Every structure is written in structure tokens, then in C-alpha cells.
Amino acid sequence: MNYKENSFDVIRLVASVLIMFSHYSVAVFGLENLAYDRFLFAGASLVAFFVICGFFLIPSLERSSGGVYLIKRFFRIYPVYIVSIIAMIIAAYVLSVIQGGTT
């Protein structure tokens, strides 16, 4: 099976958007008590996301040695992770300044 000829990326995208919406709805609207929010968005979407990711990670791990695989994963994940953390720190600072908070 050619990994470029499937729709798993679309399913993974939908699952990740639903997970983000779940976090957003809890943070902004306080919807943590709604049963559908906990199950449908957070629960089922998270399971789908990890199952699909695991489906692709195992063959990737089998194609390369453990050390090479870990180095590739590190440089694929952590640069974006660090940039997103920096962006969130900047956004939090800007929002606190806009809302008149202390710096």
C-alpha cells in the first residue's frame, strides 16, 4: 500500500481539529460538563488520531534503525514544538498587555 494513496491524512486532520475544538470549547466556553464534548470530540477523536498515527509509525520504525528513527522524529517534532511554545508565550504576553495586565 502506497502511503500517498490513502485518506488517512484527512481522517487524522479531522480528528486533530476535533481535539483542538474540544480544548477550545473547554477553555473559552466552559463546556467541560457536556457529555458529548468529553466523549465525541476528546475521547473518540484522540483514539482515532493515535491509532492512525501508530499505524504509520510502526512501518516507519521498521524501515530504519532505532537511533536514526529517533533522531528523525526529534528533528521533525521539536522545532515546530519550540516555535509553537514561543508563539504562545508571545500571544499570552500581548493579550495581557492588551487587557491591561501587569508585565
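Where do Tyr78 and Tyr81 lie, and how many residues apart are they? Both of these tyrosines sit in helix α3, which covers residues 66-98, and they are three residues apart, about one turn of the helix.

Among the elements of the chain, helix α3 has the highest mean pLDDT, 88, whereas helix α2, residues 35-63, has the lowest, 74. Where pLDDT is low, the predicted coordinates should not be read in detail.

Now to the aromatic rings. A pair of them is described by the distance of the centres and the angle of the planes. There are four aromatic pairs in the structure, and one of them joins Phe74 to Phe75, with 5.1 Å from centre to centre and 90 degrees between the planes, an edge-to-face arrangement. For Tyr78 and Tyr81 the centres are 5.8 Å apart and the planes stand at 90 degrees, and because an angle over 60 degrees counts as edge-to-face, this pair is given that description too.

Taken together, Phe74, Phe75, Tyr78 and Tyr81 form one aromatic cluster.

Phe74, at 41%, is partly exposed, and so are Tyr78, with a relative accessible area of 38%, and Tyr81, with 44%.

Note on methods: Residues numbered from 1 in each chain as written. Predicted model: local features only at pLDDT ≥ 70, side-chain atom pairs only at ≥ 80, totals over all residues. Heavy atoms only, no water. Phe/Tyr/Trp six-rings, centres within 6.5 Å; stacked < 30°, edge-to-face > 60°. Buried < 20%, exposed > 50% of the residue type's maximum accessible area, 1.4 Å probe, protein only. Helix = DSSP H or I, 4+ residues; strand = E, 2+ residues; numbered from the N terminus. pLDDT = per-residue confidence, 0-100.
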